[in-house]
Amino acid sequence: MAENSMTTDQRNIMKFDPKDHEIALSTEDLHVFYGKSEAISEGDLQFERYKISALIGPSGSGKSTYLRSLNRMNDRIATVKGKIMYRGLDINSNDIDVYEMRRHIGMVFQRPNPFAKSIYENIAFALRQRGMTKKQDLDEVVERSLRQAAMWDQVKDDLNKSALALSGGQQQRLCIARAIAIKPDILLLDEPASALDPVSTSQIEDTLLELKQNYTIIIVTHNMQQASRISDYTAFFNLGKVLEYAETGDIFTNPKVDLTNDYISGNFG
Amino acid sequence: MDKIRESLLKKSIASKIERRGKIISLICLALIVSVVFLIFYFVASRGLATFFKNHINLWQFLSGTQWNPGTMGTNGQPAVGALPMIVGSFLITILSALIATPFAIGTAVFMTEISPRRGAKILRPVTELLVGIPSVVYGFIGLQVVVPFVRNTFGGSGYGILSGTFVLFVMILPTVTSMSADALNAVPRYYREASLALGATRWQTIYKVVLRAAIPGMLTAIVFGMARAFGEALAVQMVIGNATLLPHNLVSPASTLTSILTMGIGNTVMGSLQNNALWSLAMILLLMSLVFNLAIRYIGRKGKLNHER
């Protein structure tokens with residue numbers, strides 16, 4: 001990877017050179033409004049394929065709102081203006097089949113949210129909705145996804161147990177398994193470990209590093225160590241604006257914006 | 001120093017008021033509980049007298065088809081067979097619940113999932129208004145509109161189970177609807193988000209996730225509606241025809257436990273067999289409403305277990 005293939009504009013936001021970096025998803029001039037109040041006033045980010053990009057920032061900085069806009073989970077809640085480019089298409093337009101798009105851009109939420117069904121059914125749910133009915137196929141995908149989420153060995157004998165009986169960390173990994181079962185391109189994670197203990201957190205992080213080989217991951221996190229541990233690129237949000245976006249190493253060792261420095265050294269937020 | 005010691009040993013005014021409040025609320029509670037028990041006792045003592053004092057066989061009472069207390073039936077025993085009323089009550093309850101349920105669920109889904117804003121602003125107040133309409137009004141409309149309609153469409157006199165069903169359907173619909181809507185609203189938002197984020201459509205989400213999760217709550221709503229239908233007296237009495245015959249079709253005059261009670265209770269002498277037999281009907285009603293209540297609690301508890309995380 002050539003160093004000079006990334007440039008930083010005057011707003012301290014890194015841009016990739018498309019010749020050297022494959023861009024999985026990017027936003028252009030994104031604005032998000034809740035009613036009349038503006039939650040995101042400038043979101044101009046590019047996310048590279050097969051990398052982990054972290055969105056950090058204090059509470060209320062709009063990072064979750066931004067993330068939720070990316071697969072249009074905000075559709076009925078907020079107004080999203082601007083472009084979200086995915087495979088050359090603006091997926092923020094009305095012509096896009098939102099449901100089909102979400103199949104390619106999956107999401108995992110802050111709180112583990114398995115359905116009150118068995119472990120098996122949690123994963124099979126989306127597959128069945130997509131018309132996969134053969135037991136053999138379903139079995140195969142369930143096993144593959146649980147393996148990818150690094151929990152197959154723990155639950156292979158209890159697939160018919162209720163997902164609600166799992167621990168929080170396992171529930172969250174089940175949610176990840178569920179999301180990757182439909183083979184998305186991009187995985188959005190909204191503080192996936194914030195409700196979990198340190199051990200489960202580190203397991204989730206290992207899982208994500210593993211998944212990076214096949215998925216583009218965008219993760220919102222409150223935990224700066226987490227961002228520095230797992231992400232390749234980090235964007236710093238404050239008051240609805242991206243103040244800085246750069247390689248994670250640069251952000252944490254050599255932030256260009258004073259506010260970023262203040263935030264990562266714990267002076268506010 | 002001594003002042004503090006003194007104040008610690010003496011009950012303060014605040015603690016006295018607290019004690020008084022406790023006692024008052026305890027008295028209220030005791031009063032209500034004793035009223036409930038007295039009602040049960042009174043109904044049971046009168047209702048059981050039919051069997052112990054007048055020596056009517058319980059099985060005969062439940063399975064007999066002739067109702068004319070005071071006269072002898074064909075078997076030489078007093079004609080106190082309550083089966084026609086029991087059948088009428090159950091039929092009318094089940095039928096009206098069967099018709100009301102799909103409408104109620106459809107409306108509730110529209111109110112909560114499809115158009116929540118209009119649901120909260122217009123539909124909900126309207127349904128709640130419907131709950132408050134006195135049953136005599138429903139009965140009157142039933143008498144003037146439903147009975148002629150049934151007569152012209154299905155034949156017969158128009159009085160019967162079918163008319164009662166239609167009237168009760170309208171009466172329980174708002175209750176079942178607004179309780180179903182509550183059940184749907186109680187389904188956590190993250191269930192919907194989880195489903196949508198997996199690429200499920202809104203309909204798939206509603207049908208496969210939200211409705212499934214709301215089943216216990218909606219069952220409670222339906223049982224609640226059935227309890228209301230079972231206990232409704234006046235409106236049913238106005239349209240059902242009040243013939244104490246085993247209904248052999250839906251358009252012939254029939255009767256329910258409640259309609260016979262309201263018809264007969266003023267015309268009997270306390271302590272007579274006629275009167276005791278009516279109390280026995282009331283006892284069945286009371287027991288049934290107890291069963292409905294227990295069913296609601298049971299379903300509610302099961303639902304809670306399902307949602308625990």
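These notebook entries record what I looked up in a predicted model.

**Conventions.** I note that residues are numbered from 1 along each chain as its sequence is written, while chains are lettered from A and ligands numbered from 1 in the order in which they are written. The model being predicted, local features need pLDDT of at least 70, side-chain atom pairs count only at pLDDT 80 or more, and totals for chains, interfaces and linings use all residues.

**Chain A as a whole.** I looked up the secondary structure of chain A and found 10 helices and 13 strands; helices (H or I, at least four residues) and strands (E, at least two) are DSSP runs, numbered from the N terminus. The radius of gyration of chain A is 19 Å, close to the 18 Å that the globule rule gives for 269 residues, so chain A is as compact as a globular protein of that length. Here the radius is taken over C-alpha atoms, and the rule is 2.2 Å times the number of residues to the power 0.38. Along its principal axes, the C-alpha trace of chain A spans about 55 × 45 × 40 Å.

**Helices H6 and H7 of chain A.** I then examined H6(A) (residues 168-181) and H7(A) (residues 198-211), whose axes come within 9 Å and cross at roughly 20°. Axes are lines fitted to C-alpha atoms, for helices over the stretch in contact, and angles run from 0 to 180 degrees between N-to-C directions. H6(A) and H7(A) are therefore roughly parallel to each other, a term for angles under 35 degrees. Residues making the contact (C-beta atoms, placed from the backbone, within 7 Å) include A:Ile176 and A:Ile180 of H6(A) and A:Ile204 and A:Leu211 of H7(A).

**Where chain A touches chain B.** I found 20 residues of chain A in contact with 17 residues of chain B. On the side of chain A that touches chain B, H2(A) supplies the largest share, four residues.

The unreviewed UniProt entry gives "transmembrane region" for several spans of chain B, among them residues 82-110 and 161-188. Residues 82-110 of chain B are 97% helix and 0% strand, with end C-alpha atoms 42 Å apart.

Technical notes. Parallel < 35°, antiparallel > 145°, perpendicular 65-115°, else oblique. Contact = placed C-beta atoms within 7 Å. UniProt positions renumbered as here; feature names shortened; annotations may be inferred.
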